[in-house]
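Q: Could you walk me through the packing in this model before I set anything up?

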Amino acid sequence: MYVAVPAVWRRLLGVEDIGSDDDFYRLGGHSLLMTRLAADLREATGLALDFRDLHQATTVRAQARLLREAERAQPIEPLPPGARLPLSPAQERFWVLDRMNPASPEYLLPILIWLPASVSPEVVEQALAEVMDRHDVLRTRYVMDADGLAAIVEHADAVPLRTERVSPAGIGKVVATELAEGFDLAVAPLFRATLVHDGGPEQLLLLVCHHIVCDGWSARLLDRQITETVAALAAGRTPTRKRPALRYPDAVAWLRSRPATELADDIAYWQATLADLPPLELPAARERPARRRLDGAAIAFELPASVVDGLLAAGRDAGATPYVAFLTLWTVLLGRAGEGWDFGVGVPHAGRARPELHDLVGPFIETVVIRSRLVPELSFTEALARVERACREGFARHGAPFEVVADAVAGPRDLSRTPLFQTQFTMAGDGLAGPRRRERDVEVLSEAPTAARTDLALTLWPYPDGRYGGAIEYASTVYDRGTVEALVTGFGALAARFAAEPGLAVNVADAPPPATRHEQVILGFVRDLLKQDDIAPDDDVFTRGGTSLLAARLLWNVQSAFGVEVPLRAFFDRPTVAGLAREVERLVRAEFATDRL
């Protein structure tokens with residue numbers, strides 16, 4: 001068993017020198033890669049490890065011990081034919097929320113699959129039928145009877161595919177229309193499909209699923225399986241028809257068979273960790289409605305690759321994953337902007353504790369509340385360590401359903417806000433938790449209505465060139481656009497600041513960044529934009545191939561990073577990195593002096 005663990009680590013982490021007491025996270029692992037580790041260890045040894053235990057056992061020695069203990073583990077048994085099919089805790093939560101607001105669009109999940117325009121609707125219909133046959137949950141409806149809630153699997157009859165022909169500008173409107181309407185959870189299927197052709201080389205297959213049958217991991221599976229099945233059918237080949245070894249209800253029954261003592265231990269942890277948790281309040285909040293509403297909006301933004309590289313390097317030096325680095329930055333930003341540093345952040349956890357669950361479509365996702373207990377005197381490096389520890393401890397106890405935790409911790413519900421947290425953080429589109437996002441995906445989704453899941457929700461996703469896209473969704477009944485725009489600006493500015501000086505205190509509001517840092521970051525922007533690594537600070541940007549539009553994009557990056565707006569004319573007068581850095585320094589110091597008055 002000891003030999004298998006370092007062998008799998010080497011393959012996943014790309015690290016050769018691994019000792020028995022080396023830590024998986026310190027060598028570059030993260031929680032989603034831990035999921036792959038569980039699967040690869042299963043393949044290498046034939047043994048399934050409990051994900052909760054694996055989260056706690058982060059060294060080679062500890063994981064080898066787990067494997068030895070797992071030799072006694074029993075497989076997940078399928079339900080007998082004709083058994084009543086249970087709902088998972090997440091599904092029960094979605095069903096109750098839907099009853100409070102029937103056919104609400106709040107819990108819809110869009111999946112954008114781009115297919116060649118030459119693929120016929122008949123091929124797409126056949127591919128959808130193949131995938132529906134493979135995954136029972138796509139043919140399931142949910143009803144209440146005398147014995148409680150039950151899932152009922154229907155036979156696959158008609159595939160719900162409709163077609164639309166629009167102009168390129170019309171795709172966003174189709175997406176917005178489809179996302180404005182919810183579902184009747186008693187009628188299957190709980191997804192709908194639209195094939196949208198705009199005359200270009202690609203057409204969009206839009207799937208809109210209710211979260212009661214699908215989560216981000218499932219979206220990745222459906223994207224891959226539909227794309228592969230369409231390609232096979234279009235080429236005249238027989239598609240792969242391999243069914244998962246388990247059905248979703250089998251997995252739900254296994255989840256519900258968890259020993260009561262384990263659940264009690266997890267609940268006790270959350271009661272201690274989240275006791276007396278204050279709500280997140282920003283001074284700019286409006287008077288909160290007595291009952292939480294779904295009215296929302298969103299502001300999209302980008303982080304340049306040079307800023308991202310610096311921030312993630314600071315995280316790696318502290319033993320933190322990109323997920324932890326960005327979550328720490330978000331927590332620090334809200335602590336600086338709010339009325340206190342102690343609050344909870346709701347984060348999604350995949351919830352697929354065993355490898356057998358990895359190929360199942362269905363909602364295993366659970367919400368975990370991360371209470372980092374930051375204080376303003378911490379350095380950013382110290383804050384990274386504190387957030388990483390809170391994530392590791394919390395994710396190891398993700399099996400306690402959120403509603404159970406909320407009932408045990410929060411007491412009587414405040415209907416004006418989400419329980420236990422008023423902000424969420426999600427990393428999406430990384431190919432693990434969901435399909436990779438393309439810039440065109442972001443563009444077409446920008447026209448869709450925004451349902452406020454909580455007061456403030458930050459979502460980030462990577463692009464292949466090293467940039468990160470992001471969006472802050474907000475409850476428009478609680479915050480105005482100007483408040484959220486300030487958060488967007490602050491997020492970029494803090495990312496650049498802590499990337500350069502991670503040893504600074506997180507409440508570093510009383511000292512402007514040094515000019516040398518401005519020049520370093522701006523030089524990175526220019527080299528990224530011009531794709532030239534040999535540009536010097538005193539080189540004329542226009543002589544090196546810059547254009548007016550590129551200059552405007554450069555100044556947008558500068559404003560996102562440092563929170564100051566440089567007039568385009570000022571850059572035309574001094575079109576060098578050094579000149580722009582001096583102007584940014586002047587503006588930052590002027591703004592700093594004004595703030596101190």
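The chat below turns to the cores, a helix and a sheet.

A: This is a predicted model, in which local features need pLDDT of at least 70 and side-chain atom pairs count only at pLDDT 80 or more, while totals for chains, interfaces and linings use all residues. Residues are numbered from 1 along each chain as its sequence is written, and side-chain values use heavy atoms, with hydrogens and water left out.

Q: Which residues have the most contacts inside the largest nonpolar core?
A: They are F326, F425, L456 and F491, in a core of 98 residues; such a core is a set of buried Ala, Val, Leu, Ile, Met, Phe, Trp, Tyr and Cys residues joined through side-chain atoms within 4.5 Å, where buried means under 20% relative accessible area with a 1.4 Å probe, protein chains only. Its largest share, 10 residues, comes from helix 12 (residues 322–337), helices being DSSP runs of H or I with at least four residues.

Q: And what does F425 touch?
A: Leaving aside residues up to four places away in sequence, F425 touches, among others, Y323, F326, L327 and W330, with contact meaning heavy atoms within 4.5 Å.

Q: Switching to helix 4, what do its buried residues pack against?
A: They pack against helix 1 (4–13), helix 2 (31–45) and helix 3 (51–56), and they include L66 and L67.

Q: What is the strand order in the open sheet?
A: The order is 1-6-5-4, with mixed pairing, where strands are DSSP runs of E with at least two residues and two strands pair if DSSP finds at least two bridges between them. Strand 1 (108–116) and strand 4 (161–165) stand at the edges with a single partner strand each, so one side of each has no neighbour in the sheet.

Q: How many bridges join strand 1 and strand 6?
A: They pair in the antiparallel sense over 9 bridges, and the bridge partner of L109 in strand 6 is C209.

Terms used
Buried < 20%, exposed > 50% of the residue type's maximum accessible area, 1.4 Å probe, protein only.
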